[in-house]
Structure formats: C-alpha cells, structure tokens
Amino acid sequence: MLTAIIIDDEQRGRVALREKLHEYCPGVIVTGEAANGADGLKLIREQKPALVFLDIEMPRMNGFEMLHQLPGKDFHLIFTTAYDQYAIKAIKYAAFDYLLKPVDIDELRSAIDRARAQSEKHTEKKLEVLQQHLQPKSPLGKIAIPSLEGLLFFNTSDIVHLEAQSNYTLIYFHNHPKLLASRTLKDFEELLPANMFFRTHHSHIINLSYIKRYIRGDGGQIEMQNGNYVMVSRRKKEEFLKTFGEWR
C-alpha cells in the first residue's frame, strides 16, 4: 500500500484525482488533501506520506516554493499541472514524474508503477537540479539521467555525444564510462540546449564543443574528441555546416 496526499488549490482537481486513484489504483490510499502550500507543508510533516501529488500553479505559494521550505523530502513526488512547457522542461531535467491535467488514467497508472519501483533517495538531489533549471538565466548545468542501474546526475557539458538504441539512448561522456539511459534520443533532443547540442542524424546528437573534425561525404562524418565517428545525414549536412561555421 502507498499512502498519498493531494495538494491542489482547485477542489475539482483534487476530487477528480482522488476518484481516479480510488477506481484505477487500488494500492494507493489518499490520507489527506490540502488546498494550498501552507496546509500541504503541514500535512506532509504530520502524515509522512509515501507519495505526494503536487499542483504547481497555486496562489501565494506555488508547488516549487512549497518544496523549498521542506527540510526533508523522503517521499515520491508527482507534479500535476496544466500545460506549461517551461515548468515541464525543468521537471524533465530533474527526472521527476508529472501528470498533465486532466489526468490521463494510463499515465496515472504508469506514474504509480514507477513510484512503487523507485527509491526516493535521490529526491533532494533532483530538487537541486529542478531549482537550477527554474532560474531564468541559470546556466543549464546538471541533468538527471535514468539508467538501468538507477538515477545518475551529470553536467550537460560532460556529454560528448548520444546515440539512439531503440527506446534507449547510449550516452558518451568526457570523463565517465558510456551509459545506457532509459530515455529516447528525442527526449534528450527536447531537453539539451540547442546552442550546445546538434542532432546530426536520426540516431545521433553531438556536443559541438567536442568536435575534432568534419570529413566530407554524401552527408559526411564527424570525428569526436573521444575518437568516435558520428554520421551526418544528407538532409542535416547544410544545417550542420552553417551551425559549425557560426560556432567556429
């Protein structure tokens, strides 16, 4: 059984989520609800739930501000939000779960399954990454990468290149062994800063800082500083050469 609380300023949102949990997620017991951040903090401290559903957009104290006030964060956190690309991108960088309103039943079940399977020993570190990416002018420093071994944290500047492996991604680092991440290449393309990373091919993304040389051809090849060669597709060749020229 997972004990859970719901923090959302909209009553309809709380009721809808509670009913979906009751009907479709029988192993989750909702033990409390809060309509604002202050009451949410009190509930978490008193009940110590295993799972917290937290709305981002709340008056006076939003979900991110509320979390900042918690001294300990030993629970699994699932954000609930209306579509907000900026906030969702920050959440993805930190590898938190989130549900878009209205909450989809299949996505809710998947989030609950992950909550059962995952340890929350990384919550504090994930929140540090989240806070960094919520700062408008903060450099995009760290990213949380879900792997087969667990959750790992890296500087984006240490990623040399990425290679698609079906629904996974093989990541090559400057100072760390390569890693198989349980995210698609498209997921990383959406997250990594476009001024630093370039998708040269449907199977490859490179960090422009680690290019050693470009070898001309139909599309061409790029030799990276780690000695690996990355293909450039014909349709990406012109765009790459323009980007590379500006970058140089």
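Predicted model: local features only at pLDDT ≥ 70, side-chain atom pairs only at ≥ 80, totals over all residues.
1. Strand 4, which covers residues 76-81, and strand 5 run parallel to each other and are paired over four bridges. Ile78 also turns up in a nonpolar core of 16 residues, discussed under point 5.

2. Now step back to the sheet around that pair. Five strands make up an open sheet with parallel pairing, in the order 2-1-3-4-5. Strand 2 (28-34) and strand 5 (97-100) are the edge strands, and each of them pairs on one side only. From one strand to the next, the twist averages 25°. Helix 2 (residues 37-47) packs on this sheet and touches strand 1 (2-7), strand 2 and strand 3 (51-55). The direction of helix 2 makes about 140° with that of strand 2.

3. Helix 5 is worth a look too. Spanning residues 105-117, helix 5 lies across strand 1, strand 2, strand 3, strand 4 and strand 5, and runs at about 165° to strand 5. Helix 5 also meets helix 1 (residues 11-24): the two axes come within 11 Å and cross at roughly 70°. An angle from 65 to 115 degrees counts as roughly perpendicular, so helix 1 is roughly perpendicular to helix 5. On the helix 1 side the contact is made by Leu17, Lys20, Leu21 and Tyr24, and on the helix 5 side by Ile105, Leu108, Arg109 and Ile112.

4. Back in strand 4, please have a look at Thr81. Is Thr81 buried or exposed? With a relative accessibility of 0%, Thr81 counts as buried, because the cut-off for buried is under 20%. The side chain of Thr81 makes a polar contact of 2.6 Å with that of Glu57. Leaving aside residues up to four places away in sequence, Thr81 touches Asp55, Ile56, Glu57, Ile88, Leu99, Leu100 and Lys101.

5. Which residues of the largest nonpolar core touch the most other members? They are Phe79 and Leu130, in a core of 47 residues. Beyond four places in sequence, the residues that Phe79 touches include Leu54, Ile56, Phe64, Leu67, Ile91, Phe96 and Leu130. There is also a second, separate core of 16 residues, with Cys25, Leu51, Ile78 and Val103 among its members.

6. Five of its six residues are buried, so strand 9 is largely enclosed by the rest of the structure.

7. Thr169 stands opposite Ala181 of strand 10, and the hairpin joining strand 9 to strand 10 passes through five residues.

8. Strand 13 pairs with strand 14 (residues 221-224) over four antiparallel bridges, and Arg213 has Glu223 in strand 14 as its bridge partner.

Terms used. Residues numbered from 1 in each chain as written. Heavy atoms only, no water. Pairing = 2+ DSSP bridges. Helix = DSSP H or I, 4+ residues; strand = E, 2+ residues; numbered from the N terminus. Axes fitted to C-alpha atoms, helices over the stretch in contact; angles between N-to-C directions. Contact = heavy atoms within 4.5 Å. Buried < 20%, exposed > 50% of the residue type's maximum accessible area, 1.4 Å probe, protein only. Polar contact = N/O pair within 3.5 Å; in protein donor to acceptor, adjacent residues only side chain to side chain. Core = buried A, V, L, I, M, F, W, Y, C linked by side-chain atoms within 4.5 Å. Parallel < 35°, antiparallel > 145°, perpendicular 65-115°, else oblique.
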